[in-house]
Amino acid sequence: MSLLPVEAALERLLQLAEQAPIRELELLPLAAADGRVLATELVAGLDLPPWPNSAMDGYALNLADWTGEPLPVSQRILAGQAPAPLRAGSCARIFTGAPLPAGADTVEMQENVELLTDGRVRFNEPLRAGQNVRPQGQETRMGEVVLPAGTRLGPVQLGLAASLGCALLPLRRRPRVAVLSTGDELVEPGQALGAGQIFNSNRSLLCAWLQRLGCEVLDAGILADDPQRTREALAGLGQADLILSTGGVSVGEADCLGQVLREEGELALWKLAIKPGKPLTCGHYRGVPVLGLPGNPASTLVTFGLLARPYLLRRLGVADVAPLSVEVPAGFAWPRAGQRREYLRARLENGRAELYPNQSSGVLRSAAWADGLVEVLEGRTYAPGDALRFIPLSELLA
């Protein structure tokens, strides 16, 4: 069986995501919307700014009426005040953000004026109509779409919504993701380790990551390698939008989760041209989508970040699900071309990508040391200085 390229696997997953969108909405205040996905486009209900205002502390005047002589000051305008119309042949003392008085079209900054002893103001520099004035609607006009549906909301987007007077926003409901770990060899931190057992790191990794993505996590714990107990655990997951498992969904003798899922669902095991993380399971169980990630911690991290994360975002209506990446020079040699796309844990040092010395799929410490993944293309060798794609972990984890 040929290996499925990473791009093809991602394309299939996104197609499946688009067939199962999360459509339910909830109206929430701005304070509860950070990290959530906008359900409908945000349309400006007013011009922004709603009136011309001053970009500087200075003096407002009508340039066409100015003959070059000093002008008397007819009013003082602070931000938040409603000014009177500008009296002909005068100027107005004005402060940053204050509304421009009717009849004024120019603001000169206070550093370029001279205040005379008789209270008049002399303008010492050439003036230009409209200078230092923020016109009405400079940022946005009423009726303009300022944020499309599917936007992931962060501090900047929430600030923009607040500037338009929005107190509540329509958001996609949080995805409910059931997280399963499998294997008699796993125990939770804090418990005693038995012979041949290890602590379950994938549960903590995925639950925290899913919460950052705005998901509601249904923690189903560790499933023992027992078909009946596995059936009992799965019975309560009908309200989930996704069953996300690590390990145990292959076709081996001890892979009870895979056996039970296939009894009442449809499950396909993909062999991906990716390293770490070749096995990936995708399908449905009683109508609930299932993604089975490989069990090794670094494999779980890579496949969730590059495949499961964009799948979940697309189900929420996010259009651009690809992580931002940059091109960096390699700080290492890669003399042997591989058959799979490799994602190596690396950090930037002096502008170059340096590798963690142990790239084993079972070594999560490599990712704790790293600040990103470098992409090594299949069939390629690299010399120090060659360009590589670098995906910051901060981008994947955001």
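Predicted model: local features only at pLDDT ≥ 70, side-chain atom pairs only at ≥ 80, totals over all residues.
Student: Let's begin with a helix. How many residues does α1 have, and how far does it reach?

Tutor: Helix α1 covers residues 6-18, which makes 13 residues. From its first C-alpha to its last it reaches 18 Å, close to the 18 Å expected at 1.5 Å a residue.

Student: Which residues of α1 are buried?

Tutor: Look for Val6, Ala9, Leu13, Leu14 and Ala17. They span an arc of only 130° around the axis, so they lie on the same side of α1.

Student: What do the buried residues of α1 pack against?

Tutor: Their partners are the strands β18 (265-271), β19 (274-275), β20 (279-285), β21 (288-293) and β23 (341-349), together with helix α6 (297-315).

Student: Now a sheet. How should I think about pairing?

Tutor: Strands of a sheet pair through backbone hydrogen bonds, either parallel or antiparallel.

Student: How do β4 and β6 run, and how many bridges join them?

Tutor: Strand β4 (residues 58-61) and strand β6 (residues 91-94) run antiparallel, joined by three bridges.

Student: Is asparagine 53 buried or exposed?

Tutor: Buried means under 20% relative accessible area, and asparagine 53 counts as buried because its relative accessibility is 4%. This residue sits in strand β3 (residues 53-54). Beyond residues up to four places away in sequence, asparagine 53 touches Gly97, Ala98, Pro99, Leu100, Asn132, Val133 and Arg134.

Student: And the largest nonpolar core: which residues touch the most other members?

Tutor: Leu244, Phe304 and Leu312 do, in a core of 45 residues. Elements that each supply at least two residues include α1, β13 (176-182), α3 (202-212) and β17 (242-246). Helix α6 gives the most, with nine residues.

Student: What is leucine 244 in contact with?

Tutor: Setting aside neighbours within four places in sequence, leucine 244 is in contact with Val177, Ala178, Val179, Leu180, Leu206, Leu210, Leu291, Leu293 and Phe304. Apart from this core lies another, of 16 residues, among them Leu38, Leu48, Leu158 and Leu160.

Notes. Residues numbered from 1 in each chain as written. Heavy atoms only, no water. Helix = DSSP H or I, 4+ residues; strand = E, 2+ residues; numbered from the N terminus. Expected span 1.5 Å × (residues − 1). Buried < 20%, exposed > 50% of the residue type's maximum accessible area, 1.4 Å probe, protein only. Arc of directions from axis to C-beta. Contact = heavy atoms within 4.5 Å. Pairing = 2+ DSSP bridges. Core = buried A, V, L, I, M, F, W, Y, C linked by side-chain atoms within 4.5 Å.
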